[in-house]
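Reader: I would like to learn how to read a few features of a protein model, one at a time. Could we begin with the surface and then turn to the helices?

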Amino acid sequence: MAVSTDISNWPAFIAFFLIIISVTQIAKLPITTVAKRSLIEIPFIFFALLMPFFGSGERFEIGSLNLYRDGLLAGASIVAKGTLGILVAINLSGTTTAREILRGLEILKMPTPMVQIASFMLRYINVVNDEMQRMAVARSARGFEATGIKQWPVLATAAGALFIRSYERGERVHLAMIARGYLGDLPKEERVPNYPKHWVVALSIPTLALVISLLSRWLG
């Protein structure tokens, strides 16, 4: 709802932030954890801070600065909507495991190949990371140190070797799955029954956000 709401409708955004902050408090997520994970937004904030200096149309002065109204609104929109999106993602990742998210995507009828790709990615990312660490130890044992641009060819070769090893591992895993009767669908784990109260709780926040968005447009 926040994406489709105009940034000039500031009461709606205040309500959106109050909702997500309340959800964070109900989820009992540590403030420090939320703050650390929110740092991913910093590059977008820097980009948004530059937008008021570029654009066209109405201009106004703040001290010695000449700012564009459209650029200022666009920058504020990026910061506000981006922050809301990141806070929602942090709440989801902090209260729901990756496997539960994938199971939910299956229930929502997301294409099976996409769910399986995400599942294998989560399952084997640690394997690939361990392989990368072993390659780094092997380079260090041979006296290699990445101190400048001259060492980039070695790192590029290592990245290529890691890609080939990962690809070959994936081929072996696929052949092993076929040998065990894989036909394009993984065995389903036992699903947790969906009671009406679960749907009521899950839809309460989106419904509240929709009501706020509609009321803000009607009153505006």
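Reader: Which residues form a nonpolar patch on the surface?

Author: In this predicted model, the patch is formed by Leu50, Phe53, Phe54, Ile62 and Leu65, which together have about 500 Å² of accessible area. One of these residues, Leu50, lies in helix α3, which covers residues 42-50.

Reader: How should I read the packing of α3 against α4?

Author: Two packed helices are described by the angle between their axes and by the distance between those axes. Here the axes of α3 and α4 are 8 Å apart and the angle is about 165 degrees, which means that α3 is roughly antiparallel to α4. The contact brings together Phe44, Phe47 and Ala48 of α3 with Gly75, Ile78 and Val79 of α4, and the crossing is left-handed.

Reader: At what angle do helix α1 and helix α4 cross?

Author: The axes of helix α1 (residues 10-27) and helix α4 (residues 69-95) cross at roughly 20 degrees and come within 10 Å, so α1 is roughly parallel to α4. Their crossing is left-handed, and the residues making the contact include Phe13, Phe16 and Phe17 of α1 and Leu84, Leu87 and Val88 of α4.

Reader: With which residue does Arg134 form a salt bridge?

Author: Side chains of opposite charge can pair when their charged atoms come close. In this model Arg134 pairs with Glu131, and their closest N and O atoms are 2.5 Å apart. The two residues are separated by about one helical turn because they are 3 residues apart in helix α6, residues 112-141. The count of salt bridges comes to 3.

Terms used: Residues numbered from 1 in each chain as written. Predicted model: local features only at pLDDT ≥ 70, side-chain atom pairs only at ≥ 80, totals over all residues. Heavy atoms only, no water. Patch = residues over 30% accessible without salt bridge, like charges linked within 9 Å, V, L, I, M, F, W, Y side chains within 5 Å. Areas by Shrake-Rupley, 256 points an atom, 1.4 Å probe, with all protein chains shown as cover. Salt bridge = Lys/Arg side-chain N within 4 Å of Asp/Glu carboxyl O. Helix = DSSP H or I, 4+ residues; strand = E, 2+ residues; numbered from the N terminus. Axes fitted to C-alpha atoms, helices over the stretch in contact; angles between N-to-C directions. Parallel < 35°, antiparallel > 145°, perpendicular 65-115°, else oblique. Left-handed = near helix turned anticlockwise from the far one by under 90°. Contact = heavy atoms within 4.5 Å.
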